[in-house]
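Please consult the sequence and the structure below alongside the text.

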Amino acid sequence: MEKFAGKVAVVTGAASGIGRALALTFSARGMKVIAADVSAEGLEGTAELAGQDSSEFITHLADVSSADAVDELADRAFEEHGAVHVLCNNAGVSTIGRQWELTLDDWAWVLGADLWGPINGVRSFLPRMLASGQPGHIVNTASMGGLMSGPLVGPYSVAKHGVVGLSKGLRAELHDANINVSVLCPGEVRTGIVPGIRSRIASTGAELSEDARLTVDYLDASLNASMEPETVAEMVADAIRDNKFWILPNSAHYRAILDTEFDDMVSSLDASFTK
């Protein structure tokens, strides 16, 4: 999709972080934007930063873990503008703790936003985007945590691996269609995910282990000194323009870890053929 001006973008998780930056970047490139999130206050702040007329920049409250809520978001987008050209399934949350110690509610909360959010977005928007016959693009936000796994963020890693798989499958299924796909896998980016983790812990009254507490503190420090969301958003816009599938901001320093995992898989595959 080479031209942005006059096109329509829908961005979830748009109240802060990468989602807010995406909404503002698309608006700055002349797109009509529908910014969705569960935070009314955050959306208000995003709209104020956009400084656009309400017909050009619409905010919409939506919990992407709810299929009905995403259907309503899609209905509004097509009713308001008649088309959607860019869909960014971006909303995301995380929690902290050992996988077997987290509650079912913890798992459902993270998987609901991080995995079911993109699934619901694809199910609600894609059929109508295909039917329009117009060029379009879907961007699913995963993470470097969708390409490798670390301790204490099991639900997040499971969800983000799922988003990568969802996106790769879509790319194959849409190979000759009018809609293209990208998967966004950033490393550390200055977002509100750590305050979200702390808020979740406070709301559930969970008692963190020492290693979990240290992990939250480490994430807080590392994210505060990391890439700005605006830089990521510009990379996403460029990837849409150039039809790039993989979007991997600030991920070069993960290369050694990814190489090790890949080499381990290859060596195991080779060994199976020698038996």
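The model is predicted. Helices H7 and H8 pack with their axes 9 Å apart, and the count of salt bridges comes to 16. A nonpolar surface patch is made by Phe262, Met265 and Val266.

**Packing of helices H7 and H8**

- Two packed helices are described by the angle between their axes and by the distance between those axes.
- Helix H7 spans residues 193-204 and helix H8 spans residues 210-224; the angle at which they pack is about 155°.
- Because angles over 145 degrees count as roughly antiparallel, this angle makes H7 roughly antiparallel to H8.
- The crossing in which H7 passes H8 is left-handed.

- Asp217 and Arg198 form a salt bridge through their side chains, at 3.2 Å from N to O.
- This pair links distant parts of the chain, with Asp217 in helix H8 and Arg198 in helix H7, 19 residues apart.
- Asp217 counts as partly exposed because its relative accessibility is 31%, and Arg198 likewise counts as partly exposed, at 37%.

- Side chains of opposite charge can pair when their charged atoms come close.
- Asp211 forms a salt bridge with Arg98, and the closest N and O atoms of the pair are 3.0 Å apart.
- Asp211 lies in helix H8, whereas Arg98 lies in the loop between strand S4 (86-89) and helix H4 (104-114), so the pair ties together parts that are 113 residues apart in sequence.
- Asp211 is partly exposed, with a relative accessible area of 31%; Arg98 is also partly exposed, with a value of 25%.
- Arg213 and Glu210 are three residues apart in helix H8, so about one helical turn separates them.
- Arg213 is partly exposed at 35% relative accessibility, and Glu210 is partly exposed at 48%.

**A salt-bridge network**

**Residues distant in sequence**

- Ala159 is located in helix H6, which covers residues 154-173.
- Ala159 has a relative accessible area of 0% and is therefore buried.
- Ala159 and Trp107 are 52 residues apart along the chain, and a distance of 9.6 Å separates their C-alpha atoms.
- His253 is placed in the loop between strand S7 (246-247) and helix H10.
- His253 has a relative accessible area of 53% and is therefore exposed.
- From C-alpha to C-alpha, His253 and Gly187 are 9.2 Å apart in space, while 66 residues apart in sequence.

**Nonpolar surface patch**

- The patch made by Phe262, Met265 and Val266 has an area of about 300 Å².
- Val266 is found in helix H10, which comprises residues 255-273.
- Val266 counts as partly exposed because its relative accessibility is 31%.
- Patch residues need over 30% relative accessible area, so Val266, at 31%, passes this cut-off.

Key: Residues are numbered from 1 along each chain as its sequence is written. This is a predicted model: local features need pLDDT of at least 70, side-chain atom pairs count only at pLDDT 80 or more; totals for chains, interfaces and linings use all residues. Side-chain values use heavy atoms; hydrogens and water are left out. Patches are made of residues with over 30% relative accessible area and no salt bridge: like charges are joined within 9 Å, nonpolar side chains (Val, Leu, Ile, Met, Phe, Trp, Tyr) within 5 Å. Accessible areas come from the Shrake-Rupley method with a 1.4 Å probe; for residues, only the protein chains shown count as cover. A salt bridge is a side-chain nitrogen of Lys or Arg within 4 Å of a carboxyl oxygen of Asp or Glu. Helices (H or I, at least four residues) and strands (E, at least two) are DSSP runs, numbered from the N terminus. Buried means under 20% relative accessible area, exposed over 50%, partly exposed in between (1.4 Å probe, protein chains only). Axes are lines fitted to C-alpha atoms, for helices over the stretch in contact, and angles run from 0 to 180 degrees between N-to-C directions. Angles under 35 degrees count as roughly parallel, over 145 as roughly antiparallel, 65 to 115 as roughly perpendicular and the rest as oblique. A crossing is left-handed if the near helix is turned anticlockwise from the far one by less than a right angle, and right-handed if clockwise.
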